[in-house]
Structure formats: C-alpha cells, structure tokens
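Me: Please take a close look at the aromatic pairing in this structure. Which residues take part, and where do they lie in the chain?

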Amino acid sequence: MSERRRIYLMRHGAVSYFDEEGRPVPEDSVPLTAEGRAQALAARELYEGVELDRVIASPLPRTQETAALVAPGHEAEIWPELRELKGGKLSEIPLDEREAALIGGESGKPA
C-alpha cells in the first residue's frame, strides 16, 4: 500500500524591488521586507505540527529566507530550475531562445 503524500507550494514573502532611497535593487539580491518576514513566520505557525520531508527553494535569497523562516531546522534544497524568468520585452529575446524556453523551460529541452 502506498503512503499518501501532500505537496505544499508557497511563494516567497513580500519584497521591495527598491531601497529606502528609491533606487532599484538588483533582482538577484532582493531580500524580504519586514512584512515578508512576518508573512513567513505566520506561514510557519500554519504548518506547525506538519512533518515536512523536504524543503525546496530557488537560488534567489528571498525564497531561501522564506524557506528558513517557514521551516526552521530544514536545509532547503536549491533547485536552479525554479528561478523565475527575468522580465523584459519578449521581442528582445532571440526567436530560437524564446521557442526553447516556451517549449521546454529554461533548459530548452521539451517538457
């Protein structure tokens, strides 16, 4: 008989893409805000008593910080494939790269 499993998916807590002076923060280093940390701690309360087998996060600091707050005592596995796509204009991406990303994700391999 197989064991029933559950998957809990979360997005990182709130962030600000601008610093106190209004300058943009490099997207790869955007941390959680105080509100984002509070959201993660609230999620930890919701998951209290839930036994987690694995915690997986993208390489972005905000996702790792969220994972550490939500699931203390678990070291998050970092999966580069979960990194969000960068913003910009679709027309700026070469056609072959666009097609590969849309058909097979960032790896370019068909899903």
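Reply: From the N terminus on, the elements run α-β-α-β-α, which amounts to three helices and two strands; helices (H or I, at least four residues) and strands (E, at least two) are DSSP runs, numbered from the N terminus. The model is predicted: local features need pLDDT of at least 70, side-chain atom pairs count only at pLDDT 80 or more, and totals for chains, interfaces and linings use all residues. Residues are numbered from 1 along each chain as its sequence is written, and side-chain values use heavy atoms, with hydrogens and water left out.

A search of the whole structure finds one aromatic pair. Tyr8 and Tyr47 form this pair, which is edge-to-face, with 5.1 Å centre to centre and 80 degrees between the planes. By definition, rings of Phe, Tyr and Trp (its six-membered ring) pair if their centres lie within 6.5 Å; planes under 30 degrees apart count as stacked, over 60 as edge-to-face and the rest as tilted. Tyr8 lies in the segment before α1 (34–46) and Tyr47 in the loop between α1 and β1, so the pair ties together parts that are 39 residues apart in sequence.

The two partners also have accessibility values. Tyr47 is buried at 18% relative accessibility, whereas Tyr8, at 39%, is partly exposed. Buried means under 20% relative accessible area, exposed over 50%, and partly exposed in between (1.4 Å probe, protein chains only). Across the chain of 111 residues, buried residues make up 18%.
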